[in-house]
Amino acid sequence: MKEESKPAPRRWRGLAIATAAAAVLSAGVVAANAATVDRNGGANGTRAAAVKNPTGGAKGVQGLVNAATAFLAALDEDQKSEALLEFTEENATAWSNLPCADTCRPGVGLGDLDEDQLTLAKAVLKAATGTGTGTGFDQIQKIVAADEVLAADAGSATPGGGAPSADPSASVPADAPSGGPGGGGDMPGLTYGSDYYYLAFLGTPSATGTWELNFGGHHLAVHLTYENGKVTSASPFFLGVEPISYTAEDGTVVEAMAAQKNAVAALADSLTDAQVTAATLPQSFTDVLVGPQKDGQFPETKTGLAAKSLSAKQKKLVMNVVKQWVGNADDATTAQLLKTYESELNQTFVGLSGGTGYDTQGDYLRIDGPGVWIEFVCQNGVVYNTEIHYHTVYRDHVRDYGAEFSF
């Protein structure tokens, strides 16, 4: 994009931004583009109306389509060419968990949006994702806020007393996925903060066609696929966070992935010694197994503890784990997917590796069913290198990317 065509950049406002990042955010926010809203009518008046009511009052997928259409209409031609792409395997699978900006994922960056455009982008995500606390849109906000903390603290002493490496890429785990389109091996410069999250539509949003909403950045990759007005997939969904907790401006301690960690720990804690032995996998893990550029690379054989052998209470705990990841989709889709995964519970397995405290590198839990695949793993911190952080992924053996591609 040409420099002179960029709108005035805006931070993702309205988040529970941590105190450590507040000064940086205040300094980084510039004046809004003077030509954003003309409330007296004309093209800018139309834009103002869209900002005020992006969904047009519609619910479900139609509301999302309306919000997406309003967002795309607010972009200039260069931005639109970045945000609206073909629904191809190459575009869909180009995602990463790494802080590698637009070198490893499609879309228009939040940092290239003006205030109105950013408001419309948030309306798209809110319409597409779940309404629960600690999941869906609420969790997206908290993950992005955590990355603002990293943007402020990267390169300085960490709260735990350690300091990150002078070379940030040296702190990336040796087996971390490269994350770039096609799986390129070069590690790009690391970029933290809300500016480096990207929104794309693969295919034109509509209530009749096939298309995907794609949103991601460091520790976040959302893929929601639609066909004829219905959600056909809420995966792949990568979710991670560093730091695992931070203090908001109002003094509240925020744990962006508390629901996931607590659900995993509750399930592991419910297992007897014999069940832990049966669930323990022969491998150790320092990252998720089926992450970016690992499409379709599930183990050939399901191993671990068979869920059919669990008590009714333990089975509910398994489903509670699943719910924490599937809840990234809208509420109706979440309910349908949970119903499907519960019907497959007796063919599902629970796997463990490392410890069950989920506070040490290598602590790992897996849920592997006919459809659902969830991994949760603890890693040593990168910026906060005296602490741990989480990497997780939700996949579906048969539904990833709406089952549009074969792997």
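A: One definition to start: a disulfide is a pair of cysteine sulfur atoms within 2.5 Å. This is a predicted model, where local features need pLDDT of at least 70 and side-chain atom pairs count only at pLDDT 80 or more, while totals for chains, interfaces and linings use all residues. Residues are numbered from 1 along each chain as its sequence is written, and side-chain values use heavy atoms, with hydrogens and water left out.

Q: Great. How many disulfides does that rule give?
A: The count comes to 1 disulfide.

Q: Which cysteines does the disulfide join?
A: C100 is joined to C104, with an S to S distance of 1.9 Å. The link of C100 and C104 is right-handed, with 85 degrees about the S-S bond.

Q: And is C100 buried or exposed?
A: C100 counts as buried, because its relative accessibility is 1%. Buried means under 20% relative accessible area, exposed over 50%, and partly exposed in between, using a 1.4 Å probe and protein chains only. C104 is buried as well, at 1%, and C378 is buried at 0%.

Q: Switching to helices: how do the axes of helix 10 and helix 11 cross?
A: The axes of helix 10 (residues 312-326) and helix 11 (residues 331-343) come within 10 Å and cross at roughly 145 degrees. Axes are lines fitted to C-alpha atoms, for helices over the stretch in contact, and angles run from 0 to 180 degrees between N-to-C directions. Helices (H or I, at least four residues) and strands (E, at least two) are DSSP runs, numbered from the N terminus.

Q: Which residues make the contact?
A: Helix 10 brings M319, V322, K323 and V326, and helix 11 brings T334, L337, L338, Y341 and E342. Contact means heavy atoms within 4.5 Å.

Q: Nice. What about aromatic pairs, how many are there?
A: The structure holds 14 aromatic pairs. Rings of Phe, Tyr and Trp (its six-membered ring) pair if their centres lie within 6.5 Å; planes under 30 degrees apart count as stacked, over 60 as edge-to-face and the rest as tilted. One of the pairs is F87 with F405, edge-to-face at 5.5 Å centre to centre and 85 degrees between the planes.

Q: Where do F87 and F405 lie?
A: F87 lies in the loop between strand 1 (84-85) and helix 5 (89-92), and F405 in the segment after strand 14 (388-396), so the pair ties together parts that are 318 residues apart in sequence. F87 is buried at 19% relative accessible area, and F405 is buried at 15%.

Q: Which rings form a cluster?
A: Ring pairs link F71, F201, W211 and Y226 into a cluster.
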